[in-house]
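Trainee: I am new to this structure. Please take a close look at one part of it and then go on to the aromatic rings.

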Amino acid sequence: MGEKKDTIKAKTIITSHINSDFDAIASMLAAQKLYEDSVIIFPGSQEKSLRNFFIHSMGYLFNMADPDHVDFSVPEKLVIVDTRQPDRLSGVSPLLEREDISIDIYDHHPSLGGDIKGTFEMNRATGATITILMDLLRERNIHISPDEATVMALGIYEDTGLFTYSSTTREDFLQAAYLLDCGANLDTIVNLVVKEIKSEQVAWLNELLNEMVAHNINGIDIHISTISSPVYITDLASIVQKVVRMENLDVFFAVVLMGNKISIIARSRNMEVDVGRIMLAFGGGGHAYAASAKVDGKTLAQVELLLQQTIKQEIKPVSIADKLMSSPAITIGPDISCKNAGELLTRYNINSLLVVDQTNSDLLGTITRQVIEKVLFHNLADLPVRDYMNSEIETITSKADISQIERQIIRGTQRIIPVVDGHDIKGVITRTDFLNYLVQHNEMVQKSDNSSLARQMAKKRHIKNIMIQRLEPKVLKLLEKIGRSGYELGYNMFVVGGFVRDLLLGRRVDDIDIVVEGDGIAFAKHFAANNGCRVNTYKKFGTAVIIFEDGAKVDIASARLEYYASPASLPIVEKSSIKLDLSRRDFTINTLAIHLNPDHFGTLIDFFGATRDLKDKSIRIIHNLSFVEDPTRIFRAIKFANRFDFKIGKVTSNLIQNALKINCFKNLSGLRVLSEIKQILEEEDPIPAIKTLQEYNLDKVMHPQLILNAKTYDMLESVKKAIAWHDLLHIDSDYPKWAVYFMAVLQNCTHSVAKEICSKLKMPQKERVMVLDKRYKAEKCLYVIENTNKYTNSQLYRKLLNFKTESILYMMALAKSKKTIKAISYYYTHLRDKKNILKGKDLLDFGLKSGPVFSDILDALLDARLDRKVKSLDQEKEFVKSYIHENKLID
């Protein structure tokens, strides 16, 4: 009885696509008014504002049905609005399987493969599907209430982007005007369509901006952001649209993992890029300018890779040769003299000439300024250019795309590419023309991580908002002040290196390194004079340090170029530009710069793909000979990989191995190696780095007989625990953490090998005593403690008194029993700083004369205090009196 009562029987079923938008809602409402005895199967929406509106505000307008309660044998017609894709429908599959069903389709999307074929179809290129249905409502004079008009107008306003999308037509304006006449409520429309970004959404907008990566695919700039969120992001499409407008993007894809599902939101303002067709490959759809898709069963990385592959397949190469070329081409005959050719080069201020046959205009070759200059140098000016021209040349057509031009100019050897259609020379494309194109598109040629040519053009991005969010206000103000001061001198100012890297990684930023395109010392003096600071200068390197009243420091350097006279030598320094200054650095992640001048403040500059490597979590070297020129960079690669949990790039790893094969460390100062080892051992957890050093056989650089085995790593783990214990005490005790780890590394070595290691590393004498003599004494002391059944506090104190913090921690790590560890830790936390109340001068009051006996008395008194025999001043006085009496120190 209950089932029959709940069963819905209707002649017409109306539906739309899953994740319905306002256009789909409006179109279903219009279709309901056009078709009698119809019910709507609402496929749902993830947009909270739309769901609330539909369910709570305007739900009474719709004759909705649950597909579970519909008798699908009854309907004679299925009406589909705002889509034709079967995989975008939900709940109506029984009807699609029926051959006798009549299907009416209303849609404004372009036709795609796999579309449902309707019995009747009305498809027009309007801004919204509801615009099409409005024509029918008006033709039939069907009344529209104010609430219905509001719903329908919402569809037009949203799908046209408030009439700003390029797909907007005259019809959309006219139908919207009619709906306003019907009483559509603009306040409701504004509240739902004009979405002010909420505070929680600002973070996601910034995340999309921060993770945005530009790709040049077949000559078109494509921007992709890949982010993840544990919760659903409301109004994601609106956030994506704001990103497009803020950054003025032509094509943008947001790939977002929310929970366990991935959403792709796509926007395009380029006629060459149909994002609706691209989203079809992911089971989604939409318009050429706006589309989306949901993806299940794939990781973010897989979806991003598949998206790039799909974009490459869908976007046809754009012909740009005719736009880039210089025309007409300047040509000469083969018999003109080299002298005259040189004059033409000077006259037209060009570097190459085309040589053509004077009878039929066929291209014979090219000749360059460099060749002409050499010919003239050798007094061969009267010889014809045919004798020295390059006749093996490649040409392109005026329809050539960016990849063809790149192949000839970047990968080939020609400085000039003739553009030839048949036998007709249309013009030429020079390297300058091509590089200017790259600059305008702000995109580097995509190459492998060891290619220097791939990194010639800088990527730029505005990150002022990131700086505001992540930097302390006083630091931000200081950077702004530095930028203004440099601007006053006509200098370009940049904050560079680790500061920028750590800022983008969201880590704490400490040291501020400033690079000046100009005289760094002159800037430092100018800034210091105007801001009440001190300055220290170093003329040899063109550097300075600005010191503020609170002790804070800022390092200033002139942009400089370094080159190495020989492998492993110190660099020779010359003044340069910011680009060349950054190129001298070790790894891509350290080559970022932020422009500080007022007109460019907050502009991130990336010449070497650093932002990509930060995202990929990769350590990559800049130049192939970097490790040969400075082998200490090998240690730094390992240090950074360990610190940031990055991997060392494959090419970079190969270059490390190649450098080691040629014994790159043979001329390197041991002191420089020691400096790098110390830095690694001072890291929060240096053990993974030590393992990586061993993987590259760098442990043998210190000594062939250095032993790093399982026992060593167990000892290192114990050191890490001891250091963690100490640091949690928050004791104001400055100690060399590296030394504790270093002693652990030496623990399995013989004393002679340990000495040779310290000698090879040119370790200063004070440090040698610490890691050799003190270590040996610490081991002996530990042996005694562990083999003593019982000892008093004073005995423990006397045994450990002369050991500094690093030796104490080494003993705790080396100790075999918990009892010993507990005893040593008790000494360090409770006994180490115990003092007598009475001082030497106080002993004079007891009638004693100053002398060695004072030390004996005070030591005995301290032992008594340590062993809890005395606690107060009065007890100390009684103890001294007894001591004097027992030892008959006074007659």
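Mentor: Ile 884 is found in helix H38, which covers residues 873-886; helices here are DSSP runs of H or I with at least four residues, numbered from the N terminus. This is a predicted model, where local features need pLDDT of at least 70, side-chain atom pairs count only at pLDDT 80 or more, and totals for chains, interfaces and linings use all residues. Residues are numbered from 1 along each chain as its sequence is written, and side-chain values use heavy atoms, with hydrogens and water left out.

Ile 884 has a relative accessible area of 8%, so Ile 884 counts as buried (under 20% relative accessible area, with a 1.4 Å probe and protein chains only). Leaving out residues up to four places away in sequence, Ile 884 touches Phe 846, Leu 848, Leu 889 and Ile 890; contact means heavy atoms within 4.5 Å. From Ile 884 to Pro 43 the C-alpha atoms are 99 Å apart in space, and the two residues are 841 residues apart in sequence.

Now the rings. Rings of Phe, Tyr and Trp (its six-membered ring) pair if their centres lie within 6.5 Å; planes under 30 degrees apart count as stacked, over 60 as edge-to-face and the rest as tilted. By this rule the count comes to 15 aromatic pairs. Phe 644 and Phe 646 have ring centres 5.6 Å apart and planes at 50°, so this pair is tilted. Both Phe 644 and Phe 646 are buried. Together with Phe 587, Phe 627 and Phe 640, Phe 644 and Phe 646 form one aromatic cluster.

Key
Helices (H or I, at least four residues) and strands (E, at least two) are DSSP runs, numbered from the N terminus. Buried means under 20% relative accessible area, exposed over 50%, partly exposed in between (1.4 Å probe, protein chains only).
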